[in-house]
Amino acid sequence: MNKPAIVEFTEIEGEMEHAPPEVYAAHLIEWAAERRVSDIFISDDQRSVRVSVRRLGRVELVRRLARDYGTKLQGHFRVISGAGAGDAIHPADGRGVVTTEEGKEYDFRLSTIPTLFGQDVTVRLFDSKRGNGGIESLGLDDCEVASLKQLLDQPSGLLLVSGPVASGKTCTLYSSLHYLNDGTLKIHTIEDPIEYPIRGVQQTQVNLRARLDFSELLTAVLRHSPDVIMIGEIRDARSAATAVRAGASGQLVLATVHADSAAQAINTMLQYDTNPTFLARTLIGVVNQRLISKLCVDCRKEIWAADDLCRNDRVWRKLDGVQPKLYRKVGCAKCFETGFSSLTCLPEIMCIDRDIEQAIIHGEDPGQIEQIALDHGMLSLADAAQVRVLRGDTTATEACRVIEHPDLSYLAAKERELL
Ligand SMILES: [Zn+2]
């Protein structure tokens, strides 16, 4: 485990606790957005209020605030996001916009939960550079972009995006919607919650209190003659059946599901009691993914180059004659001394062909389905990670943090030896 980093907070101007909380909040958000922070946590502990951030996937402590001031800051965020400042006893959600003195606007989502010493307020920043851009902004290589576009260009069927929590699934879905949203298609989403608005897309929020669940809303959406439907997350048998039903009725359906691999995502759908034949005929592909830190190209340093770094034929073919190399992170002003520039998508893209369809119908296990896909040219997550390491897009240590695989451990050991 790395020691938790403590961020130099003096970089935030006007952050003095004498400044009104709204000024502090604006500076904090601006500071965080510049550094590609995904979440800000303002949490009560025994004596103070801790401000920490998640940056490049890791949590860093930023500052301890005096209790009074911290409570005011939490209250301010709650008020501007419509979550109500007075009630810290119940969990609450909201969304809001912070405008800086220069007029820049930052969208965020807020959620709070009561804790032992008070509350934990999480401010999730929307990364406009990634989610708002097209598929090209996700950090996929040209081949991966082409595969994803090929799936999205199909007029109907179910496309699943899988991965664990915080693996960038929603970002991939939103970028896909931006790609499809060219004004010629009617697009509906059913989300819980709506991450951020997209112009021209009809977005509907699940509201369980009003008994509006995925299934209920989908039935209504289908009457609105949509071309594309995005269903936030499949999390039970009802939403799984709903997604398959929609995909089979002539629309393109995009949805996320929790699973560790593309083949496991199919298994998860079957665990939710979907009919194997129905699923096999409707499913067009699975994009399984993780987020991985990309090395800063301004400061990364090459440490070794040799053909024998690559021990896998699929990876070797993908490198296409480029000499395998290892790089290490350094750190410069551009990457705020972290050595990494951004979090990018590491994908495993499974396109459902005739053989995989038959394998699903015949109840083959995930291992066999994965083998068919690999034989037909799919790169596994570990393969894609090795390609990124050997191209110098990331370090072997970072790849090992995200994926466990003997070939990656070998590269990480080599990297340590050379440092
Ligand atoms: Zn740098």
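Visitor: How many bridges join strand β1 (residues 37-44) to strand β6 (residues 118-125)?
Guide: This is a predicted model, in which local features need pLDDT of at least 70 and side-chain atom pairs count only at pLDDT 80 or more, while totals for chains, interfaces and linings use all residues. Residues are numbered from 1 along each chain as its sequence is written, and side-chain values use heavy atoms, with hydrogens and water left out. Strands are DSSP runs of E with at least two residues, helices are runs of H or I with at least four, and both are numbered from the N terminus; two strands pair if DSSP finds at least two bridges between them. β1 and β6 run antiparallel, and the number of bridges joining them is 5.

Visitor: Which residue of β6 stands opposite Ile40?
Guide: The two strands concerned, β1 and β6, run antiparallel. Across from Ile40, the residue to look for in β6 is Val123.

Visitor: Which are the edge strands of the open sheet?
Guide: The sheet has 6 strands in the order β3-β2-β1-β6-β5-β4, with antiparallel pairing. An edge strand pairs on one side only, and this holds for β3 (58-66) and β4 (92-99).

Visitor: Which residues make up the uncovered face of β4?
Guide: In a regular strand, side chains alternate between the two faces of the sheet. The covered face of β4 holds Ala92, Gly94, Gly96 and Val98, whereas the uncovered face holds Asp93, Arg95, Val97 and Thr99.

Visitor: Which residue in β5 stands opposite Asp93?
Guide: β4 and β5 run antiparallel and are joined by 8 bridges. Within this pairing, Asp93 stands opposite Ser111.

Visitor: What is the geometry at the zinc ion?
Guide: Its donors, meaning N, O and S atoms within 2.8 Å of the metal (3.2 Å for Na, K and Ca), are the SG atoms of Cys296, Cys299, Cys332 and Cys335, at 2.3 to 2.4 Å. Four donors count as tetrahedral if all angles lie between 85 and 135 degrees. The angles among these 4 donor atoms are 104 to 113°, so by that definition the site is tetrahedral.

Visitor: How many residues apart are Cys299 and Cys332?
Guide: The zinc donors follow the spacing C-x2-C-x32-C-x2-C along the chain. Cys299 lies in the loop between β12 (283-295) and β13 (301-305), and Cys332 in the loop between β14 (325-328) and β15 (340-351), so that this pair links distant parts of the chain, with a separation in residues of 33.

Visitor: Are Cys299 and Cys332 buried or exposed?
Guide: Buried means under 20% relative accessible area and exposed over 50%, with partly exposed in between, using a 1.4 Å probe and protein chains only. By this definition, Cys299 and Cys332 are both buried.

Key
Four donors count as tetrahedral if all angles lie between 85 and 135 degrees; four count as square planar and six as octahedral if opposite donors are over 155 degrees apart and all others between 65 and 115; anything else is irregular.
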